[in-house]
Amino acid sequence: MAKITLENLAHSYMPFPKSDADFALKEINHVWDDGGAYALLGPSGCGKTTLLNIISGLLVPSKGNILFNEQNVTQLQPQHRDIAQVFQFPVIYDTMTVAENLAFPLVNRKVAKSEIDQRVSEMLEILELGSKANSKARGLTADEKQKISLGRGLVRHDVNAILFDEPLTVIDPHMKWQLRTKLKELHRQFEHTMIYVTHDQTEALTFADKVVVMYEGEVVQIGTPEELFDEPAHTFVGYFIGSPGMNVLTADLQKNQAKLGSHVIELGKSYPDLDGTIELGIRPEFVSLGNDPLGVPVQVTAVEDIGRYKIVRTQLEGQALDAVIPEGQSVPAEPRAILDKSRINIYRDSHLVREGV
Ligand code: ADP
Ligand code: MG
């Protein structure tokens, strides 16, 4: 197992990158703690696979270094890194049986036969593939094949880290949940450093202790699920995480007041050094609708009943403002919105401003 350090790491697929935009992965400095469970979350094309392949050694970065513990492995071939990587689609041997596929990474490393047998039967049980142990992999369903791929990643105990690149894409939703739970259990049991790539916030938030959010080749925030919810460091994190995402309203800031057209929203903090245009972020959970004359008038455009709560879509001076309200609560015809002061975050150029007083 290892602590993994990324030092001024960046990657461009172009031979002569000129500007920032030519980098699929912009400069990143980060330490993945030994034994941590991480999710790498971001939309398609933001650079997740690029980063993962640099860690496993499939890709040599154009800039910077990667260290396992204190050893520089930047130029080291994948087979010398002791990394297990599970890909989006199954990588297995069709002509081998399920058990032989699972045993393969251990046989390769000359692990004793008795230990191989024990690990393989453990893995068969975890993956609920016991009844298929002696079937050839060729005849299995896509789900089952992907489970074997997962098993091949998890069967070794001597790895520096296990990397998962959207491994549950081809798995049906119920099984997905089961496997994710299993992965979490295995993490608790063996304390491997695990990095789990996904574009699905539910997957990221349920699997990881720490979530690394990427956007357009950049790591925009690293935090616990709570931190990402309460204090998104970038407006992108605000609306990518949460359902619906955080409201972002353009406003004019003057000390402790945000002006939206003719309306003023009082803030919990004052920003004496930050006059001018800002973005005000507030999650729909912290917007309430009622008749309070202190609220700002909004126009309701839609109400979506989600079961335990309702999402109310409104417009405030022409800008979208969503509110989440309890199931039984009715919405007045001409509601006024109250924004919970303590839950307002202020952004400038999409980045969170922390220096309010
Ligand atoms: P993700 O895994 O988050 O979907 P990728 O790391 O695969 O993102 O891709 C990041 C960016 O790099 C994308 O713009 C993609 O088109 C580009 N890219 C990925 N692989 C290659 C490659 N082999 N050659 C050139 N460009 C690539
Ligand atoms: Mg990818």
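The legends below describe close-up views of one predicted model. In this model, local features need pLDDT of at least 70 and side-chain atom pairs count only at pLDDT 80 or more, whereas totals for chains, interfaces and linings use all residues. Residues are numbered from 1 along each chain as its sequence is written, chains are lettered from A and ligands numbered from 1 in the order in which they are written, and side-chain values use heavy atoms, with hydrogens and water left out.

**View 1. The surroundings of ligand 1.** Ligand 1 is surrounded by Tyr13, Ala24, Pro43, Ser44, Gly45, Cys46, Gly47, Lys48, Thr49 and Thr50, where a residue counts as near if one of its heavy atoms lies within 4 Å. This shell divides into four nonpolar, five polar and one charged residue, with Ala, Val, Leu, Ile, Met, Phe, Trp, Tyr, Cys and Pro taken as nonpolar, Asp, Glu, Lys and Arg as charged, and the others, Gly among them, as polar.

**View 2. Polar atoms beside ligand 1.** A nitrogen atom of ligand 1 lies 3.4 Å from a polar side-chain atom of tyrosine 13, and an oxygen atom of ligand 1 is 3.1 Å from a polar backbone atom of glycine 47. On its own, ligand 1 has 560 Å² of accessible area, of which the protein covers 53%, as computed by the Shrake-Rupley method with a 1.4 Å probe.

**View 3. Helix α1, residues 48-56.** Eight of the nine residues of helix α1 are buried, that is, under 20% relative accessible area with a 1.4 Å probe and protein chains only; helices are DSSP runs (H or I, at least four residues) and strands likewise (E, at least two), numbered from the N terminus. Among the buried residues are Lys48, Leu51 and Ile55, and just after α1, glycine 57 takes a positive phi of about 100 degrees.

**View 4. An open sheet of four strands.** The strands follow the order β2-β1-β4-β5 with antiparallel pairing, and the edge strands, β2 (25-32) and β5 (71-72), each pair on one side only. Two strands pair if DSSP finds at least two bridges between them, and five bridges join β1 (residues 4-11) to β2. Leucine 6 stands opposite histidine 30 in β2.

**View 5. The aromatic pair of phenylalanine 164 and tyrosine 196.** The two rings are 5.8 Å apart centre to centre, and their planes are tilted by 40 degrees; rings of Phe, Tyr and Trp (its six-membered ring) pair if their centres lie within 6.5 Å, with planes under 30 degrees apart counted as stacked, over 60 as edge-to-face and the rest as tilted. Phenylalanine 164 lies in strand β7 (residues 161-165) and tyrosine 196 in strand β8 (residues 194-198), so the pair ties together parts that are 32 residues apart in sequence.

Notes. Polar contact = N/O pair within 3.5 Å; in protein donor to acceptor, adjacent residues only side chain to side chain. Buried < 20%, exposed > 50% of the residue type's maximum accessible area, 1.4 Å probe, protein only.
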